[in-house]
Amino acid sequence: MRTPARPPLDGLKKRLDQSRAERVRMPRDGFLRETFVLPRSDARLKAKEWFERFPKQAYWTEIESWFERPGDLIEFTIRRLPAAD
């Protein structure tokens, strides 16, 4: 009786490489980040919602970056700490 051949590990290796590459791009500073692309008025409401839900004093909430996109769209990234301590 023969031992079965080992399955190819190409798919697993590719997925591991992708996962490792994603972790390199993400900073390890403890902040949670979320990026939105919304019309200007909706972007203001979303930012206001985040600052009300996660107050700056407790969560260090901050708009990390923002850009104006064509069509009056705003792309912005908000960061905050995962818990208030």
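Before anything else, I noted the cut-off I would need: a residue counts as buried when its relative accessible area is under 20%. I also reminded myself that this is a predicted model.

**Entry one: a residue in a loop.** I went to Thr-61, which I found in the loop between helix H3 (56-59) and S2. Is Thr-61 buried or exposed? Its relative accessible area is 0%, so Thr-61 is buried by the under 20% cut-off.

I then listed what Thr-61 touches, leaving out residues up to four places away in sequence. Phe-51, Phe-54, Pro-55 and Lys-56 are among them, and so are Ile-78, Arg-79 and Arg-80. For Phe-54 I noted a further detail: the Thr-61 side chain reaches the backbone oxygen of Phe-54 at 2.6 Å.

**Entry two: the sheet.** Which order do the strands take? I read S1-S3-S2, an open sheet of 3 strands with antiparallel pairing. Strand S1 (32-39) and strand S2 (62-69) each have a single partner strand, so they stand at the edges and one side of each lacks a neighbour in the sheet. From one strand to the next, I noted an average twist of 15 degrees.

I followed S2 to strand S3 (residues 73-80), and the two pair in the antiparallel sense over 7 bridges. Glu-62 has Arg-79 in S3 as its bridge partner. Lastly, I looked at helix H2 (residues 40-53), which packs on the sheet and touches S1, S2 and S3. The direction of H2 makes about 150 degrees with that of S1.

Terms used: Residues are numbered from 1 along each chain as its sequence is written. This is a predicted model: local features need pLDDT of at least 70, side-chain atom pairs count only at pLDDT 80 or more; totals for chains, interfaces and linings use all residues. Side-chain values use heavy atoms; hydrogens and water are left out. Two strands pair if DSSP finds at least two bridges between them. Helices (H or I, at least four residues) and strands (E, at least two) are DSSP runs, numbered from the N terminus. Axes are lines fitted to C-alpha atoms, for helices over the stretch in contact, and angles run from 0 to 180 degrees between N-to-C directions. Contact means heavy atoms within 4.5 Å. Buried means under 20% relative accessible area, exposed over 50%, partly exposed in between (1.4 Å probe, protein chains only). A polar contact is a pair of N or O atoms within 3.5 Å; within protein, one must be able to donate a hydrogen and the other to accept it, and residues adjacent in sequence count only if both atoms are side-chain atoms.
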